[in-house]
Amino acid sequence: MKSGFPYQIILPAVFISVMVFSSCDNTIQPFEDEDAVLSIYGYFKLSDSTHYIRVRDINQPLEVEATKELDADVTLENLENGNIMSLNGHTELMGELYAHNFPVDKPVQPRTKYRLTAENPDGKKAVSYTTTPPFTQAEALQVDEHCTTEVEVIFPEVEKSSRLCTRVGFFYRNNFYSLGYHPEENEDGITSIQFEPQGLINIIFLDEFELCHHPYENPPVRCNELDEDHFRIEYRHYGPEWDGYRIPVSPVESIDVKRGLGFFGAFYDNLYDVPVDTAFVY
Amino acid sequence: MVKNPLNLLFLFSFVLLAFTKQSDEAQIRVVVNSAEDGTPLPGANVIVLDQQDEIVTAGSTNRDGYVQLTHIPAGDYTLEVRFLGYETYEEELTLRDGQNLIRRVSLTTAVEQLDEVVVEAFEGGAYRQAGRQTVSPADLGRVPTPGPGGDLAMYLQSLPGITTTGDRGGELFVRGGTPSQNIILVDHIPVTQPFHISSLFSAFPASVIHDVEFYAGGFGAEYTGGVSSVLDITMRQGNMKDVSGEAAVSPYLASALVEGPLETDRQSLLISARRSLIDRFSEPLTGEEVPVDFYDLNLRYTYQLPNFTCSATALHTYDEGQINPLRETTLSWSNTALGGRCLLFGEALDHPFDVSIGFSRFTNTEGTPDQVERRSEINLIHFRMDRQYNLTEHPIHYGLRWDLARYNAELDERFFDFEDFESRIANFRAFGALEWEPSDRFTIIPGLTSQFTTGKFAPTFEPRLRMTFRPDGSERREFSIAAGRYYQMVEGISDERDAGTVFNIWKPMDTISDPEPWALHGIIGYRRQLGRRFEATVEGYLKNHRNIPVSKWTPEARLELETAFADGITYGADIRMEYNRRPFYLLLGYDWSVVTYEAATDDLGAWVAGDLFRYHPAHDQRHQVNAITSYDIGGYTASLRWELQTGLPYTRIRGNDVAIPIPNENPSVFPGTVVTIFDEPFGARLPATHRLDVSVERTFNLSPRVSLLADAGVINLYNRNNIFYYDSRTFQRMDQTPLLPYLALTATFN
């Protein structure tokens, strides 16, 4: 059958189109790998003898086999004395993936700035700086006072109250009860917390409704019923990079790890017992 | 939402219309069907002539084969029914004042005109006008499909302005809208996702479709509840004369269809079933595993008497599989729809009644092969009533919709808290539209619709307008515009960053805190027919979407019930040219569009600079070219389809991290939480995709009543590696269907 004009035009046009288009570029670059390549998670806890730092290649697939190896050099440098420590990682199956933890089993010095570097074979580095806090001491300005006397505990080495995290508690019937307290700078510019022992007991054991019913006349638990004659302060002093003791994990880039993800910080934590005259009741 | 006094006026007018009696003049109601199988014939011309053979009034039948001619003075007339390819029907009538005359006319095929008829029948097959397109089964059959017969899904993807994110997932984005913004109706029953997991197939083979009204935007007042597009499908009624059927098989699926009269010319039944086979044959044919399984069942029962036609429709679909075989994420969804519809036009009725009632259910799940982790379900009961009132010679269409829906979802996210909800709403809608033809050059259809949802205090105000201008008074040259305001009370939430899943959470908008999504559409079109064989259409469009629910940009791979809201602007233009001179057919289409979203950075959770973030979402298809051609030679029909789509936006990833909440967890013991770190949202584009599909078919008559249709073809003839998906967890690329040869055999008996 004679097809005429369209038939003769269309088939060559299709053939040419096929030839032209079948060769055009078909690749994609799904990764933005200009920036971060490694993530670092860990912290120095001054009271620990061993510290663990997790390093991960964020351009690895989330598959168990793919995570078995980590091709990265991790070093820790003491910027005060220039000592450089090369860290050896050990690999462990944690959950559904392998994790690479780099233990630091050498003592960590207080008031010292460290640089942690993780470098991949391409020379791309993720770097984090952390400064360890001092061995922070607490000091109560009132000791062996009655349970209704407010106690102020000061932390002279803490430069900014936002770097300190505290809880105050007591032992009662073999359990430890505690409450978080927000540190503030007192009139002398020293970071401190204030609490009233009997008030703390009332807050913990009374609900809001019951507080309306003269808790000081008929407290739920009296001081002389406590197991110990002191109140315990749990405190943690974070390094300056941890200002505000938040978890600064940005989804795109860490404010702490340069050209990487994650967070690496340092803190010192300790306990301090404030003697209180628990025998006196009113 | 507008608290507008016009709403009250509208409701008052509606009530007034419902109780208004027509004039005392006579009217004729005609149903035209084919004498061959009893199916309705839409588009037949029904003319009333006086004794001098002057036309008194005329009209053309709608998709039910029905037309009503009113305001005819008492007297003697000739009723004439004409339809291309059929013998003209003539009947002498005498009409009395106030008479409602009903005629059911069966037209017989005009044998002596057969050759001409075949040629003419292709002309203007798909009628297009300002976003609207009428699709016939013949149109579907022109697109090569790797299964027996044509399918609606493949045809829709060849239309300008329709975008898919690949050949899996069964999602259609229409001119900037999202899949959850489409209205899909099957014989008036709302259904949610009647597309199969392989996007090559819908739940509707060409053999069960009577016709499809598709609106890419600018739809009229009779459609409410969606802000993007309308797909209004009418299923074919079964053969009223003889029993017939077909059985077919291809590497992709097997199908069977049986139809026939239960009572000749009065009751018929059509049953169709299809089941996928590709999971069994894909590996030997393509070397790749395609782990999908789907089936669909369609049933239509029809009962007709001279003064009414009733039908019952049942639909059930099921899909299960993995869009990405590399990832152990199994998706499934299921549609069940059951409904009845009656068109009543008895002499006792002043106005014909079109009433429908039905139930539909949609369930979709996502999880591992062993366990469902997410589930979302819709149960919906609907009632619908449509009527027509003739104000002088201009009909007013008006109607009511009433939906009762229950939405529930359960999200059991790994590593995250369990979330679930259940919500019940009632939605009432009323509409009215005037079909005004001030002259034979103009048609103006202003309309108004309003919907009220329980929990909301004010009804919506949704004006609509469609106008056509025919400079020479014929349909050969036509300018058209369509515009409207649209509201949607239900949102479908999906993570459109992840092409590896099409799971959607369906929920009504929060009645207290969520702003309703709404949209303004504006479309302008021009259609030109040159001779009988060439037609070209050009359209420009603008859609302004407000308050589009978009999932938040959590770095963790999760989907939340709480969404952010974006505003979107879509604009573009498309051109289609159709040439049809048997034995040759050619359709060329080009579409250009730009889709832009804007959302508050804080709401979106995007880590980009600035308070507002503007981006092009994953369905921003800039350029699309489609070509469909077929050629008949020596009893064979060769078909070819080629498509080109420029790349869609995607979001690059910066990496996969396993985060540890320092110092609450210790790296020595805590495994970490998996987070995917994305780069700037939709900041890159995939490469262009294109594909050539070809097929050759021939029918062999095995006996006078049995024939065999053999259809051999190849999908993706030049084996283009069209990217579908890149798995950010496994770093592996998934491509769309590779070169896929097929042979489909269809045995037909009648």
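Predicted model: local features only at pLDDT ≥ 70, side-chain atom pairs only at ≥ 80, totals over all residues.
Residues are numbered from 1 along each chain as its sequence is written, and chains are lettered from A in the order in which they are written. Local features need pLDDT of at least 70, side-chain atom pairs count only at pLDDT 80 or more, and totals for chains, interfaces and linings use all residues, while side-chain values use heavy atoms, with hydrogens and water left out.

Start with chain A. Two helices and 18 strands make up its secondary structure. Helices (H or I, at least four residues) and strands (E, at least two) are DSSP runs, numbered from the N terminus. Chain A has 282 residues, and 43% of them count as buried. Buried means under 20% relative accessible area, exposed means over 50%, and partly exposed lies in between (1.4 Å probe, protein chains only). The accessible surface of chain A is about 14400 Å², with 48% of it belonging to carbon and sulfur atoms. Such areas come from the Shrake-Rupley method with a 1.4 Å probe; for residues, only the protein chains shown count as cover. Take the contacts in chain A between residues at least 6 apart in sequence: 65% of them join residues at least 24 apart. Contact here means heavy atoms within 4.5 Å.

Helix α2 of chain A shows how this packing looks. Its buried residues are A:Pro197, A:Gln198, A:Gly199, A:Leu200, A:Ile201 and A:Asn202. They pack against strands of chain A, among them β11, β12 (164-172), β16 and β18 (260-277).

A:Arg236 pairs with A:Asp269, the closest N and O atoms being 3.4 Å apart. A:Arg236 lies in β16 and A:Asp269 in β18, so the pair ties together parts that are 33 residues apart in sequence. A:Arg236 is partly exposed at 21% relative accessibility, whereas A:Asp269 is buried at 17%. A salt bridge is a side-chain nitrogen of Lys or Arg within 4 Å of a carboxyl oxygen of Asp or Glu.

Now the disulfides. The whole structure holds two over all chains. Each is a pair of cysteine sulfur atoms within 2.5 Å. In chain A, the sulfur atoms of A:Cys147 and A:Cys223 are 1.4 Å apart. A:Cys147 sits in the loop between β10 (145-146) and β11 (151-155), and A:Cys223 in the loop between α2 (197-205) and β16 (230-238), 76 residues apart. The link is left-handed, with -80° about the S-S bond. Both cysteines are buried.

Chain B has a disulfide between B:Cys310 and B:Cys342, with the sulfur atoms 1.9 Å apart. This one joins strand β20 (residues 308-321) to strand β21 (residues 330-344), and its cysteines are 32 residues apart. B:Cys310 is buried at 15% relative accessibility, but B:Cys342 is partly exposed at 22%.

In chain B, B:Arg132 meets B:Glu213, the closest N and O atoms being 3.1 Å apart. B:Arg132 is in strand β9 (residues 132-135) and B:Glu213 in strand β14 (residues 209-215), so the pair ties together parts that are 81 residues apart in sequence. B:Glu213 is buried at 10% relative accessibility. B:Asp620 and B:Arg685 form another salt bridge, at 2.5 Å from N to O. B:Asp620 is in the loop between β36 (612-615) and β37 (623-633), while B:Arg685 is in strand β42 (residues 684-685), 65 residues apart. B:Asp620 is buried, at 0% relative accessibility. B:Arg685 is partly exposed, at 36%. A network of salt bridges links B:Arg128, B:Arg470, B:Glu478, B:Arg527, B:Glu535 and B:Glu578.

Next, a buried serine. B:Ser158 lies in the loop between α4 (152-157) and β10 (162-163) of chain B. Its relative accessibility is 2%, so B:Ser158 counts as buried. Leaving out residues up to four places away in sequence, B:Ser158 touches B:Arg576, B:Asn626, B:Ile628 and B:Arg641.

A nonpolar patch of about 690 Å² includes B:Val538, B:Ile569, B:Met577 and B:Trp592. Patches are made of residues with over 30% relative accessible area and no salt bridge: like charges are joined within 9 Å, nonpolar side chains (Val, Leu, Ile, Met, Phe, Trp, Tyr) within 5 Å. Strands β33 (534-551), β34 (563-581) and β35 (584-600) each give two or more residues. β34 gives the most, with four. B:Ile569 is found in that strand, and is partly exposed at 33% relative accessibility.
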